[in-house]
Amino acid sequence: MSEGAVATPQQRRLEEFDRFGGEAPPLAVLEHSPGRIATAASPAPRVAVVGEFNSGKSSLVNVLLGGAAVPTGYRVRSPYPVLINYAARPSLAFELGDRRRIATGWEDVARAPAQDVRRLRLGLPIDRLKAFRLIDTPGAATGDEALDARAFNACRRADVAIWCTPAVQAWKGSERQAWLALPRRLRQRSILAVTYKDAVASADDIERLGARLHAEAGPHFAGVVMIACADALRALPLADRARDEALWHASGGAAMAAALRAAIAA
Amino acid sequence: MAPKSQGRGRLALNVQLFERGAPLCEAPSGFASRARPAELIGASLEDVRVRLARLAAELQTHLDDNAGPLLEEALKQLQQASCRIAVIGQVKAGKSTFINALMGRPGLLPTDINPWTAVVTSLHFKNADTPPEHAAVFHLFSADEWSNLAEGGGNLRELTQRLVPGFKPELLRAQIEFMRKRAERRLGKSFHKLLGHCHRFKEMTPELLTDYISAGDDYAEAGAEGQRQRYSDITRSAELFFADGPFAFPATLIDTPGTNDPFLVRDEITRRSLDNPDIYVFVLSALQPLSASDISMLRLLNGLHKERIVVFVNRTDQLADPLADGAAVKEAVEQRLRLEFPALEIPVVVGSAWMANLGLQAADIDLRTHLKPSHWPLLRRAGVRVDSRSDALSDQDRLRLAGALHAMSGMHEVSAAITRLMGSSGSAVLLRQIAACFLELTRSAEISAKAELGSIRKLLETRRMEATALGAKIAEERQSLSLFEERTDALRETFKQVEQHLAQLVDTGTETLRNDLYHIVRTFADEQADAVLRSAQRRNSNSTWVCNVMPLREQLEAAYLGSFGQMASDIVRIEGFLYPQLKVIVAGLLPDYAGAIIEAPAEPLRSVPSTAALSDTVAMDLGAPWWKLWFAARPSPAERADHLANLIEDEFAPVVHELVQEAKAQLARRVGHTMQVANAISDGMMSGIERRGKLLATEYAQLAAENDEAALQRFEEEQQTRAAACAETSAACAAFGEELRRAIKALEFDHDESIPS
């Protein structure tokens, strides 16, 4: 950016992005404070995190949010996409077809309050969410076609997509088929996130896995990034300590942040 | 194996092949053997097989020579009996790692972070059919197969092109081209000269297996790979032979490249190898258990009536909380399976082949350096109290840790599940049939021996009668014998007619079957064509239309099994006519035992014919995207409908043909077997009658020639000896009969028993 130039909204967003380290509120706070979400429409680009079930999507979302804000793993599985954007107070609500919202908590997200739930809306007071909005999608390939359709439709309207694939069983035929069925325009601004990097024991294996994925999947993405989300989460700053830079880099958190920044800027 | 002694007869020599070898394969270390499964897979079935083989040899000494060929045949079948177990699942589920763990040989099959198994690999254990002189045999593609693959992409490409004329499956073509170039790079421009060859090796080394089985690094491969040549691109199949393994009963383990592979050629290779195994071990990853592609594979197996399946949920070591998450995964998988396949009871085992393999290396490495904190609660559950931080592990602690790793790996439960499934497999049915056949033979031999014995006793009783009276008695006896002879001759004549009748029944029955099946295919093809036309008339023809051939498979199978069942019951009915005939003869020969013992076989053609041919059309199970393309490529609805009908008929014609051939072969085999048994029994009767006739003649001659006391004494002694021999044969046959009944009972053990978790 040249000196003295007036910052465009895009540049302001990127600056916001670069101030990585906003702390997410713990889950417990959220469950009892279904506040109102700021109604001002945010123009920030939408980043959809998508992939087959248990591919580490929610963990990655938490890394991108700077702390554990959405539940992961087998505990809670929401059948709806979760749109996460900036709000002054934390809030979680079902959004219905007519845009009406019904406040809820994480423990109730699997129980739909109405027939036509469109998605969940999660508002968080995290400054980074002024730079981008996140869509955490339900896991695909469970055999439930309605669920797949919801996940992929949420992805269709996104500006950037991050496809999550677990390192030990990465880029299967079904993943390639699903990805190639999504709009072509997504590909230039999208990232293949190879999750659970820590499950691969040797550096040599990581290198060879990377080589295969670059060759097989690389042409369909702007970039391929390997990440160990659990390690990246541990590297994030806390109230009493700064970010663990060594772990942040080793885990692939830094590479993911850089790739996402590039995708948003593109 | 013990050296064979040259002097023994063929049967005795063959029986030697059944003797158990050394208990386990060479363990990688002293520790490792401790973690091996306590019980070998299929031990109960093997027990019966060995007993039957021994009985076959012993029976031969008590039965007439007529039974010889029948026994030889049975023995050959016993030797060739083998259970085929396919290890299937998605790419990178850990199939090769699982096989290594089951074998107790951690580094045997090559594994890798990238999809690595490129060739369907059969591991043979104690298969007497194959010479053990080779450790590994690799069949390369023939020139025809290769050019079919390289130019066409095999059946997948062929079918796609017929579906969508002019459509070029770019991806498949690119991948095949890639494979061809790689083969050229690895093996030289003249690699075509290698095609059609078969490479045999006396020894199996890790390098050798890597060269032939592993896909290799497709991408980061250095130009100079050393002196080794990699043949995996042009290898069609690999066969590995082991003297020992985890199996008691002869078995073949089949490793497959895996489904849902982005490399379509490997996906295709895997699907083609699914047709004829007896048991399937379906390996899932605990991280993504039962994804859509797993479900569709299970549906396919279910549709093909492949019901002997055990699900192994692998990679639990990679769960954040192996204990709690593992239990949750098991629960979820079981629930889903019950929902999808309510009629099937599929055992689910949760575990980790990686843990099993790690435990096997306890002597060589410090296990703790490989274990993550998340693994310790699991091991503590298995009773391990090892300090994860102390400097060195005592030998005892190593053992405990190895034992716990094995206990939590799930390998024992999988082995037990396979053993149970073997009890209902084709191998078990075969053994039961052989046992039933032996039982028949011993029954008829026992009857003959008893008749002979009765004859001798009568002789001894009347020995001191007056010569004239005796002569009359002998004449009377001879007359009754010749009557039996006549009856037996008549019976044989009947048998001949019955045989002709049966042959005719099989011929006409299978022709009708063929016509019926063709009719079903044509009707289905027409219906589908109609459906295409109707869907084109609807406004929203844009929605994905898929031709689902599963209903056709089901209809074909139902019609096929129905007709087969009808023909089988016709045959059984005719058999039911044969056996009373035998009974009449027996009653005549042996009035004291009237109403005894000969019955129709207890095994009324229970074995179902193979419907493997139905799976030859798995390529028709293309996903919705393919059908979309097909729709896009054919503009006129009429053209589409016409084309689809032709496609279905062409695709299923060879299937119908194969099914009919299979039915014909199976029925002919049964008919042949029945006639063989019937003839053996009547031959046995015949030679019994002959012996009694000779006895009478000798006795008469002796009585006529010399009537002195010494000769009579001698004669009586001789007859006593013979009577004793007859009694012995009879008793032995009765004992065999008892043992065979036990053998049959042992095969009917309870396979509904649930798996201990």
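Let's start with one residue, B:Lys92. B:Lys92 counts as buried, at 14% relative accessibility. Buried here means under 20% relative accessible area; exposed means over 50%, and partly exposed is in between (1.4 Å probe, protein chains only).

A quick word on the ground rules. This is a predicted model, where local features need pLDDT of at least 70 and side-chain atom pairs count only at pLDDT 80 or more, while totals for chains, interfaces and linings use all residues. Residues are numbered from 1 along each chain as its sequence is written, chains are lettered from A and ligands numbered from 1 in the order in which they are written, and side-chain values use heavy atoms, with hydrogens and water left out.

Back to B:Lys92. Where does B:Lys92 lie? In the loop between β1 (83-89) and α4 of chain B. Helices (H or I, at least four residues) and strands (E, at least two) are DSSP runs, numbered from the N terminus. B:Lys92 is not a glycine, yet its phi is positive, about 65°. Most residues other than glycine have a negative phi.

Now the helix after that loop. Helix α4 of chain B covers residues 95-103. Eight of its nine residues are buried, so the helix is largely enclosed by the rest of the structure. Among the buried ones are B:Lys95, B:Phe98, B:Asn100 and B:Met103. Then comes B:Gly104, with a positive phi near 75°.

On to chain A. Chain A has nine helices and nine strands. It has 266 residues, and 56% of them are buried. Take its contacts with a separation of 6 or more, where contact means heavy atoms within 4.5 Å. Of these, 76% join residues 24 or more positions apart.

Two asparagines in chain A deserve a look. A:Asn54 sits in the loop between β1 (46-51) and α3 (57-65). Its phi is positive, about 55°, although A:Asn54 is not a glycine. Is A:Asn54 buried or exposed? Buried, at 16% relative accessibility.

A:Asn153 is in helix α4 (residues 145-156) of chain A. A:Asn153 is partly exposed, at 34% relative accessible area. Its side chain makes a polar contact of 3.1 Å with that of A:Arg156. A polar contact is a pair of N or O atoms within 3.5 Å; within protein, one must be able to donate a hydrogen and the other to accept it, and residues adjacent in sequence count only if both atoms are side-chain atoms. A:Asn153 and A:Pro81 are 72 residues apart in sequence, but 9.4 Å apart in space, C-alpha to C-alpha.

Last, the interface. Here 33 residues of chain B are in contact with 27 residues of chain A. The two chains bury about 2600 Å² between them, 53% of it on carbon and sulfur atoms. Buried area is the accessible area (1.4 Å probe) that two parts lose on being put together, summed over both.

How many salt bridges does the rule find across the interface? One. B:Asp112 and A:Arg208 form a salt bridge through their side chains, at 2.9 Å, N to O. The rule asks for a side-chain nitrogen of Lys or Arg within 4 Å of a carboxyl oxygen of Asp or Glu. Ten residue pairs are in polar contact across the interface, both residues at pLDDT 80 or more.
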